[in-house]
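Trainee: Hi! I've just opened this one and I'm new to it. Could you walk me through it?

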Amino acid sequence: MYPTSNLLRSLSPHSPFFPLPTHRTTSSLPLHLSSLRPLHYSNPNRAFDPAQFESERLRLDEKARNSMAAEAAAVGTSGGEEKQWKWRIRKRVWDLMEAEGIARNPRPVHHRIPNFDGAASAADKLGQLEVFEKARCVKVNPDSPQKQVRFLTLTGAKKLLTPQPRLRTGFFSVLESQSVPAGALLEACTSVGAAKYGKPIGLNEKIKVDLIVIGSVAVDPKTGARLGKGEGFAELEYGMLRYMGAIDDSTMVVTTVHDKQLVDDIPVEKMLIHDVPVDIICTPTQVIFTNTAIPKPQGIYWEKLSPEKLGQIRILRELKRRIEKETGTTLPCGPSEKLPPTAKRGRR
């Protein structure tokens, strides 16, 4: 681990934490976090109110999806090609899933990581992978189609690491089956249950993640290129885990999707440096090892974060201020953009 005196050195391209040049073009200033003073994000004395959590989540989730729909429509008419091609693929997959009766609640699946018929079967295939069986700690996204993956993680005596909703109030929650009351295991696999029974952690937590499970809207089985719903939280979560030293390039990334979500028109050359590729795809009918050659992100790419995104995520604002104060440098910031309002993920 690097002492504080080496933080400025990590701004240099000679640092092992500086991303190597790739076809996904950009520059970056990743820093290692091990020597920075701890940040604390949660109030353990504050009582958790499930009803209030759910009510606020429903209100904000609808508002966020409506705003995302408006943004997608605007991109379709006047946005640049960089954004248009992604929204075309997303819309095609969402439309197809609804039209062919593949979609499952919450509906409609547009502007979500879509739930699908056979999600549990895809999760069961993931559960049979050697990399899952050997894993002690698994990071799983909190969306509906991965609920069975979260259940298998807890019932398999593994640590479940799941993001707090849209990183609004903190970072991650850690759950273990022995910390969940009898009869509440299924509830613990929902967003509300994870907040209720999980232990919040911060960026200074010493943790090793053995496997990452990520939700997708579309994924290319030949290249491992993936598209999410367009908010970028999976990439931020991955980047922060890299900062923590919890994962590295060898940490496998797996997604569970329906076979109809497999596509062949995601242009690898247009993928950005912070986009997360997948190593393994599990569908209800097959397991695909992509052998992806797409480089994995090396950290947080501050020049890609807009002021609006930073304004929505407290942990990033505090981390940016802390790094700037302790290194005496000013981190870059991305261009302004119109974003949907933050919203808590739904009960899964």
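Trainee: Which residues touch the most other members of the largest nonpolar core?
Mentor: Keep in mind that this is a predicted model. In the largest nonpolar core, which has 38 residues, they are L161, V209, M240, L241, I300, W302 and L316.
Trainee: And which element gives the most to this core?
Mentor: That's α8, with eight residues. At least two residues each come from β3 (172–175), β5 (211–214), α8 (233–244) and α10 (314–327).
Trainee: What lies apart from it?
Mentor: Another core, of 22 residues, lies apart from that one, and its members include C189, L211, V254 and C282.
Trainee: Switching to helices: at what angle do α3 and α5 cross?
Mentor: Roughly 35 degrees, and the axes of α3 (residues 119–127) and α5 (residues 147–155) come within 8 Å. The crossing is right-handed.
Trainee: Which residues meet there, α3 with α5?
Mentor: From α3 you have A120, A123, D124, L126 and G127, and they meet Q148, V149 and L152 of α5. Sorted by class, the contact has five nonpolar residues, two polar and one charged.
Trainee: New topic. Where does Q298 lie?
Mentor: Q298 sits in the loop between β10 (287–289) and α9 (307–312).
Trainee: What does the side chain of Q298 reach?
Mentor: It reaches the backbone oxygen of K296, at 2.9 Å. The side chain of Q298 also has a polar contact of 3.1 Å with the side chain of R242.

Definitions and conventions:
Residues numbered from 1 in each chain as written. Predicted model: local features only at pLDDT ≥ 70, side-chain atom pairs only at ≥ 80, totals over all residues. Heavy atoms only, no water. Helix = DSSP H or I, 4+ residues; strand = E, 2+ residues; numbered from the N terminus. Polar contact = N/O pair within 3.5 Å; in protein donor to acceptor, adjacent residues only side chain to side chain. Axes fitted to C-alpha atoms, helices over the stretch in contact; angles between N-to-C directions. Left-handed = near helix turned anticlockwise from the far one by under 90°. Contact = heavy atoms within 4.5 Å. Nonpolar A, V, L, I, M, F, W, Y, C, P; charged D, E, K, R; others polar. Core = buried A, V, L, I, M, F, W, Y, C linked by side-chain atoms within 4.5 Å. Buried < 20%, exposed > 50% of the residue type's maximum accessible area, 1.4 Å probe, protein only.
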